[in-house]
Amino acid sequence: QAITVNLMANSWKSWRGQALQAPPTLARWVTIKGHEHLKAGLARGNGLIVVFTHQAFITQLTRRTLAAHEIHQVPVIAANRPEADRAAMALRGFRHGQEGLELLRRGQALLIAGDGRNSIDPVRISLYGRQLPLPRGFAVLAQIIQAAVVAAFGSMNSTGHFTLEF
């Protein structure tokens, strides 16, 4: 079953991206749960940080969901890629943090690719029975600006139906 799901998720990626543009197809193949968490986070007015595992489909669906709430430009901050030059890696992290802070101050949303495998000293959290490494920076941003943090988790079953839960 895991192999079937993996093949479906990766082999039909371009088809899925095009096919799911049509609302009837999207409604048939995708279930989105937890809209109320996004609404509540946005209603606080201090910005919203959505943390997710690094999956392009989650990014696409989250952006579409946030657009329904009049949030149209939502950048993704990915975990640092390993570099030989740790100073360059730290500088990139600082720039991402500054950009994220400015967006949050304006009450906007930010997506954090939470697969911190390559980040320095990640925090491990349990999400749906998995231990996921998350970069620490998003929590500092949230704390400074008092932004809401919502986790997003996606899963696909063996029939190809995708569920995104906030």
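**Strand pairing, helix packing and cores**

Biologist: In what sense do E3 and E4 pair, and over how many bridges?

Modeller: E3 and strand E4 (residues 109-113) pair in the parallel sense, over 2 bridges. Pairing here takes at least two DSSP bridges between two strands. Helices (H or I, at least four residues) and strands (E, at least two) are DSSP runs, numbered from the N terminus.

Biologist: What sort of model is this?

Modeller: A predicted one, where local features need pLDDT of at least 70, side-chain atom pairs count only at pLDDT 80 or more, and totals for chains, interfaces and linings use all residues. Residues are numbered from 1 along each chain as its sequence is written, and side-chain values use heavy atoms, leaving out hydrogens and water.

Biologist: Back to E4. Which residue there is the bridge partner of Val 76?

Modeller: Leu 111.

Biologist: And the sheet: what is the strand order?

Modeller: E1-E8-E7-E2-E4-E3. That is an open sheet of 6 strands with mixed pairing. E1 (30-33) and E3 (76-77) stand at the edges. Each has a single partner strand, so one side of each has no neighbour in the sheet.

Biologist: How many helices and strands in the whole chain?

Modeller: 7 helices and 8 strands.

Biologist: Which strands does H4 lie across?

Modeller: H4 (residues 35-43) lies across E1, E2 (48-52) and E7 (148-156). H4 runs at about 145 degrees to E2. Axes are lines fitted to C-alpha atoms, for helices over the stretch in contact, and angles run from 0 to 180 degrees between N-to-C directions.

Biologist: What does H5 touch?

Modeller: H5 (residues 56-67) packs on the sheet, touching E1, E2, E3, E4, E7 and E8 (162-165). Its direction makes about 60 degrees with that of E8. Contact means heavy atoms within 4.5 Å.

Biologist: Which H4 residues are buried?

Modeller: Leu 38, Gly 41 and Leu 42. Buried is under 20% relative accessible area, exposed over 50%, partly exposed in between (1.4 Å probe, protein chains only). Those three cover an arc of only 95 degrees around the axis, which puts them on the same side of H4. The arc is taken from the directions from the helix axis to the C-beta atoms. The buried residues of H4 pack against E2, H5 and E7.

Biologist: What about the other side of H4?

Modeller: Lys 39 and Ala 43 are exposed there.

Biologist: New topic. Which residues have the most contacts inside the largest nonpolar core?

Modeller: Leu 48, Leu 66 and Phe 162, in a core of 26 residues. A nonpolar core is a set of buried Ala, Val, Leu, Ile, Met, Phe, Trp, Tyr and Cys residues joined through side-chain atoms within 4.5 Å. H1 (2-11), H4, E2, H5, E4, E7 and E8 each supply at least two of its residues.

Biologist: What does Phe 162 touch?

Modeller: Leaving out residues up to four places away in sequence, its contacts include Trp 29, Val 30, Phe 57, Leu 61 and Met 156. There is also a second, separate core of 14 residues, including Leu 101, Leu 104, Leu 110 and Ala 142.

Biologist: Last one, the loops. Where is Glu 70, and what is its phi?

Modeller: Glu 70 is in the loop between H5 and E3. Its phi is near 65 degrees, a positive value in a residue other than glycine. Glu 70 counts as exposed because its relative accessibility is 60%.

Biologist: Where is Gln 146, and is it partly exposed or buried?

Modeller: Gln 146 is in the loop between H7 (137-145) and E7. Gln 146 is partly exposed, at 46% relative accessible area. Its phi is positive too, near 60 degrees.
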